[in-house]
Amino acid sequence: MMNPSHRAPLGPSPVVPTPASGPIVEPAPGLGDDDFMRVALEEAAAAGAAGDVPIGAIVVRDGAIVGRGHNRRELDGDPTAHAEIVALREAARAAGEWRLMGATVYVTLEPCPMCAGALVNARVARVVYGCADPKAGAVDTLFGIGRDERLNHRFAVAAGVLADPCAGILRSFFAARRNRRPAP
């Protein structure tokens with residue numbers, strides 16, 4: 001049994017599944033968590049290229065990508081336009097319903113409280129994230145949303161998948177931003 005207090009660091013970390021209310025949805029044959037996280041990293045790069053914080057997410061259901069998203073807060077002027085929300089909206093439109101039972105969401109950074117709540121509400125089966133978020137992480141670091149038995153739905157969590165590249169894209173983005181600031 002895994003320790004439920006597992007915290008994924010910003011460095012290398014094993015993939016750690018945690019208990020959920022339903023079955024753990026495994027990746028499609030031939031494609032694994034690393035493969036799907038690479039697609040989420042492509043979404044993160046698109047966000048960074050558009051001037052937004054480089055976080056990307058995809059929704060996988062029955063082995064197929066049914067939703068993609070990256071941060072669009074700056075582009076849309078929308079505080080809710082986080083990668084996970086954008087990807088969930090696209091997946092729900094594709095499915096023709098809001099319940100995304102059996103879906104796995106891959107996201108480059110641990111979801112915040114808003115996104116973790118949306119993942120619960122969407123009824124996803126599993127969340128796979130790259131690097132932990134020490135300031136807002138809501139599935140492992142600061143909160144256990146998604147595993148809280150008081151909620152009507154829970155999901156499995158796998159942490160630390162491609163943690164180094166996921167953390168690296170964020171570090172590079174913020175380093176470049178700091179270097180652009182004028183000196184006082």
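**Notebook: helix packing and aromatic pairs**

I began with contacts, meaning heavy atoms within 4.5 Å: among those in the protein chain between residues at least 6 apart in sequence, 61% join residues at least 24 apart. The model is predicted, so I noted that local features need pLDDT of at least 70, that side-chain atom pairs count only at pLDDT 80 or more, and that totals for chains, interfaces and linings use all residues. Residues are numbered from 1 along each chain as its sequence is written, and side-chain values use heavy atoms, with hydrogens and water left out.

**Entry 1: the overall chain**

I looked up the secondary structure, where helices (H or I, at least four residues) and strands (E, at least two) are DSSP runs numbered from the N terminus. The protein chain has 5 helices and 6 strands. I read their order along the sequence as β-α-β-β-α-α-β-α-β-β-α. I then looked up burial, for which buried means under 20% relative accessible area, exposed over 50%, and partly exposed in between (1.4 Å probe, protein chains only). Of the 184 residues in the protein chain, 48% count as buried.

**Entry 2: helices H1 and H5**

Two packed helices are described by the angle between their axes and the distance between the axes. Axes are lines fitted to C-alpha atoms, for helices over the stretch in contact, and angles run from 0 to 180 degrees between N-to-C directions. At what angle do the axes of H1 and H5 cross? I found roughly 5 degrees, and the axes of H1 and helix H5 (residues 163-180) come within 10 Å. H1 is therefore roughly parallel to H5; angles under 35 degrees count as roughly parallel, over 145 as roughly antiparallel, 65 to 115 as roughly perpendicular and the rest as oblique.

On the H1 side, I listed Met37, Leu41, Ala44, Ala45 and Gly48; on the H5 side, Pro165, Cys166, Ile169 and Phe173. By class, this contact has 8 nonpolar, 1 polar and no charged residues. Ala, Val, Leu, Ile, Met, Phe, Trp, Tyr, Cys and Pro count as nonpolar, Asp, Glu, Lys and Arg as charged, and the others, Gly among them, as polar.

I also checked Ala45, which is partly exposed at a relative accessible area of 39%. Ala45 lies 25 residues from His70 in sequence, and their C-alpha atoms are 8.5 Å apart in space.

**Entry 3: helices H3 and H4**

The axes of helix H3 (residues 83-95) and helix H4 (residues 113-121) come within 9 Å and cross at roughly 25 degrees. H3 and H4 are therefore roughly parallel to each other. I recorded that Glu84, Ile85 and Leu88 in H3 meet Met114, Cys115, Ala118 and Leu119 in H4. By class, this contact has 6 nonpolar, no polar and 1 charged residues.

**Entry 4: aromatic pairs**

Rings of Phe, Tyr and Trp (its six-membered ring) pair if their centres lie within 6.5 Å; planes under 30 degrees apart count as stacked, over 60 as edge-to-face and the rest as tilted. I noted 2 aromatic pairs by this rule. Phe36 and Tyr106 form a tilted pair, 5.2 Å centre to centre, with 35 degrees between the planes. Phe36 lies in helix H1 (residues 33-49) and Tyr106 in strand E4 (residues 104-109), so the pair ties together parts that are 70 residues apart in sequence. Phe36 is buried at 3% relative accessibility, and Tyr106 is buried at 1%.

The ring centres of Phe173 and Phe174 are 5.1 Å apart and their planes stand at 85 degrees, so this pair is edge-to-face. Is Phe173 buried or exposed? I found Phe173 buried at 10%, whereas Phe174 is partly exposed at 32%.
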